[in-house]
Amino acid sequence: MKISLTVNGQLREVEITPYTRLLDLLREDLGLTGTKEGCGKGECGACTVIMDGELVASCLVPAPQADGSEVLTIEGLGSRDNLHPIQESFVETGAVQCGFCIPGMILASKKLLDENPHPAEEEIRLGLSGNICRCTGYAKIIDAVMMAAEKMDGRESDQDG
Amino acid sequence: MKQENNQPISGTDFKNYFQPSSLKEALEIRDKYRSEVKLVAGATDIFVQYNEKLHEVENWLDISRIEDLKKIEKKEKSIFIGPLVTHLEIIKSDLINKHFSALSAAALEVGSPQIRSRGTIGGNICTSSPAGDLLPPLLAYEAKFHLSSRKKSRIVESDEFFTGPKKNILKDSELLTGIEIPISDAEVYSFWKKIGRRKALVISTLTLNLVLEFENDLIKRAGLAVGSAAPVPVRLKKIEEKMLGKKLSQLDYKKIAEEVKNRISPIDDLRGTKEYREDVAADIMVNALEKIEKERVSG
């Protein structure tokens, strides 16, 4: 069966089976390997993407349910030359060690900051509670989200002014 | 050694994934395929259950496109919740939060943001895990479940629905089509507590939900339900009855807690031992009564 969905702003058509997961579709059919598979059971958050504005574990989304949806993966957020403020902040605070969890962490951070531009530490912890990191101990990841909140605040007011 | 690959070949010949947009069509497919079809809504549980063996499922009935099953509506004396309403939508619903705050609180502690955005209340009910977090509140608020097959519809009490671990009375021709919870006009206080090994993404070691309705300081209705403490989520009606018609100050909290401990039948598993669960259930019961007492004084 064929489905079409918008991935990072581009309309894509993909041939799928009923048991293709959104994760497989992104990584294998579209080559977007920034989305990682950790546990495959929705427990680690490495496969997190934003689908129709909501945070989802792409390993638990049947591809047929993604038909007609709009998906944002880490590749759609920024580029090597033009990092998103959240990505900049993760680099600047040293919040990345092995990096495997980071695409999911950054997308969870984006979803959080879109809804709550000035989160308290406890709110950040709740927003990122579906994402597991085995390297950093989370402290610097939380610093990164706080820094990103400040940066994004500044840029938004620049635009407004 | 070469592993045999049993997966069907990719192509256009997939007739076994049904994604109807109306309940009528869904019930027809359900009726035709019965136990040969696997139901999928938010997929947060079934995709874990069939992890790495998804291809073994022959027929999928994906009900996620049925718009009629996604509504939260206020009726005259109840709130009607569509089975496809997600945990996130429950948390965001002012209507649910106003009338059934313990259900909102339970939904907020399910899984993680990634799971809450997709997992549905109907999925939580039909999966019928003894640890399903929304189930004790549904029992304590005396929810009714609307079930339909192609030919018939029936309404059942939530505490008659669950029959064993992951077992319920839903027939293989039926679908859950709605959850109806009565609204009380009395003064209602609710308590919800989940015990788990960490805050997020944890299967409950124990959950307890207490709902008390007061009229002139007297307990007019009590709803008490416990999860992860028996083969099914249980409503403790015998204990509820003992609280009726009394003032909070007339209750012996310790004695009630002891009774909770005696009336549950938890097991030892990797999330906790039987003894631990019994002790914790008793402790939370005291907390529940104390918290409601405090809220009433300040409230």
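Trainee: How many salt bridges are there between domain 1 of chain A and domain 2 of chain A?
Mentor: Between those two domains the count is one salt bridge, meaning a side-chain nitrogen of Lys or Arg within 4 Å of a carboxyl oxygen of Asp or Glu. Before we go on, this is a predicted model, where local features need pLDDT of at least 70 and side-chain atom pairs count only at pLDDT 80 or more, while totals for chains, interfaces and linings use all residues. Residues are numbered from 1 along each chain as its sequence is written, chains are lettered from A and ligands numbered from 1 in the order in which they are written, and side-chain values use heavy atoms, with hydrogens and water left out.

Trainee: Thanks! Which side chains meet in a salt bridge at 3.4 Å?
Mentor: Those of A:K111 and A:E54, with the 3.4 Å taken from N to O.

Trainee: Which elements give two or more residues to the domain 1 side there?
Mentor: Strand 3 (48-51) and strand 4 (54-57) of chain A do; strands here are DSSP runs (E, at least two residues) and helices are H or I runs of at least four, numbered from the N terminus. Strand 3 of chain A has the largest share, three residues.

Trainee: And where are the domain bounds?
Mentor: Domain 1 of chain A is 2-76 and domain 2 is 85-155, with bounds from an automatic or database domain assignment. Their C-alpha centres lie 21 Å apart.

Trainee: How many residues are in contact between the two domains?
Mentor: 17 residues of domain 1 of chain A are in contact with 13 of domain 2 of chain A, where contact means heavy atoms within 4.5 Å.

Trainee: Switching to the chains: how much area is buried between chain B and chain A?
Mentor: About 2,700 Å², with 57% from carbon and sulfur atoms. Buried area is the accessible area (1.4 Å probe) that two parts lose on being put together, summed over both. In contact terms, 36 residues of chain B touch 35 of chain A.

Trainee: What about salt bridges between chain B and chain A?
Mentor: There are two, and one of the pairs that meet this way is B:K199 with A:E122, at 4.0 Å from N to O.

Trainee: Which helix of chain B gives the most to the side that touches chain A?
Mentor: Helix 6 of chain B, with four residues.
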